[in-house]
Amino acid sequence: MIGLLLLAGALGAVGRYLLDRALPATHDDTRSWWRGWPLGVLTANIIGTFALGLVLGYARAHGLDLTQENFAGTVPAADRLWLLASGFCGSLTTASTLFVGFHLLYEVRRARAIMFLLGTLVLAGAAGWLGWFLSV
């Protein structure tokens with residue numbers, strides 16, 4: 001089970017890396033409020049929280065308990081959902097990359113960095129709610 005968790009985490013981390021490379025940011029661009037945002041990080045957080053909302057909503061709708069103290073690895077559906085939620089979604093949506101992007105923007109333009117952080121929280125939160133709503 002630990003090996004599968006590591007694999008799921010690795011896949012999430014590689015996905016985040018690929019998104020960050022596909023959507024590069026130029027943090028020192030000061031031409032507008034939106035230029036220079038780390039769009040790869042933003043996209044990874046939106047996708048990851050949407051997927052997490054789907055997983056958690058599905059688990060709740062089907063009476064699957066994913067809490068660690070009750071998780072015994074006896075229910076195959078719960079096993080897969082737990083791996084997806086903890087491994088894949090957890091590594092796809094890391095706070096460390098969010099705050100690195102925030103810090104790099106903050107060094108150039110503080111207000112833009114704060115907009116990026118708040119925008120990420122609002123958009124990712126909305127994506128998570130939408131995933132939850134669609135799964136129940």
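**Aromatic pairs and a helix face**

The structure, a predicted model, holds four aromatic pairs. One of them joins tryptophan 37 and phenylalanine 116 edge-to-face, with 5.4 Å from centre to centre and 75° between the planes. Tryptophan 37 sits in the loop between helix H1 (2-22) and helix H2 (39-61), while phenylalanine 116 belongs to helix H5 (residues 110-135), so this pair ties together parts that are 79 residues apart in sequence. Both tryptophan 37 and phenylalanine 116 are buried.

Another edge-to-face pair is formed by phenylalanine 99 and phenylalanine 102, at 6.5 Å centre to centre and with 85° between the planes. These two residues are three apart in helix H4 (residues 95-108), which means that about one helical turn separates them. An α-helix has 3.6 residues a turn, so residues three or four places apart point the same way. Phenylalanine 99 counts as partly exposed because its relative accessibility is 43%, whereas phenylalanine 102, with a relative accessible area of 17%, is buried. Ring pairs also bring in Tyr106, linking Phe99, Phe102 and Tyr106 into a cluster.

Helix H1 can be looked at from end to end and then around its axis. Its 21 residues, at 1.5 Å a residue, should span 30 Å, and the C-alpha atoms at its ends are 30 Å apart, in agreement. Ala8, Gly9, Gly12 and Arg16 are buried in H1. Viewed down the axis of H1, the buried residues fall within an arc of 95°, so they line one face of the helix. On the face of H1 turned away from this buried side are the exposed residues Leu6, Leu11, Tyr17, Leu18, Arg21 and Ala22.

Conventions
Residues are numbered from 1 along each chain as its sequence is written. This is a predicted model: local features need pLDDT of at least 70, side-chain atom pairs count only at pLDDT 80 or more; totals for chains, interfaces and linings use all residues. Side-chain values use heavy atoms; hydrogens and water are left out. Rings of Phe, Tyr and Trp (its six-membered ring) pair if their centres lie within 6.5 Å; planes under 30 degrees apart count as stacked, over 60 as edge-to-face and the rest as tilted. Helices (H or I, at least four residues) and strands (E, at least two) are DSSP runs, numbered from the N terminus. Buried means under 20% relative accessible area, exposed over 50%, partly exposed in between (1.4 Å probe, protein chains only). The expected span of a helix is 1.5 Å times one less than its number of residues. The arc is that of the directions from the helix axis to the C-beta atoms.
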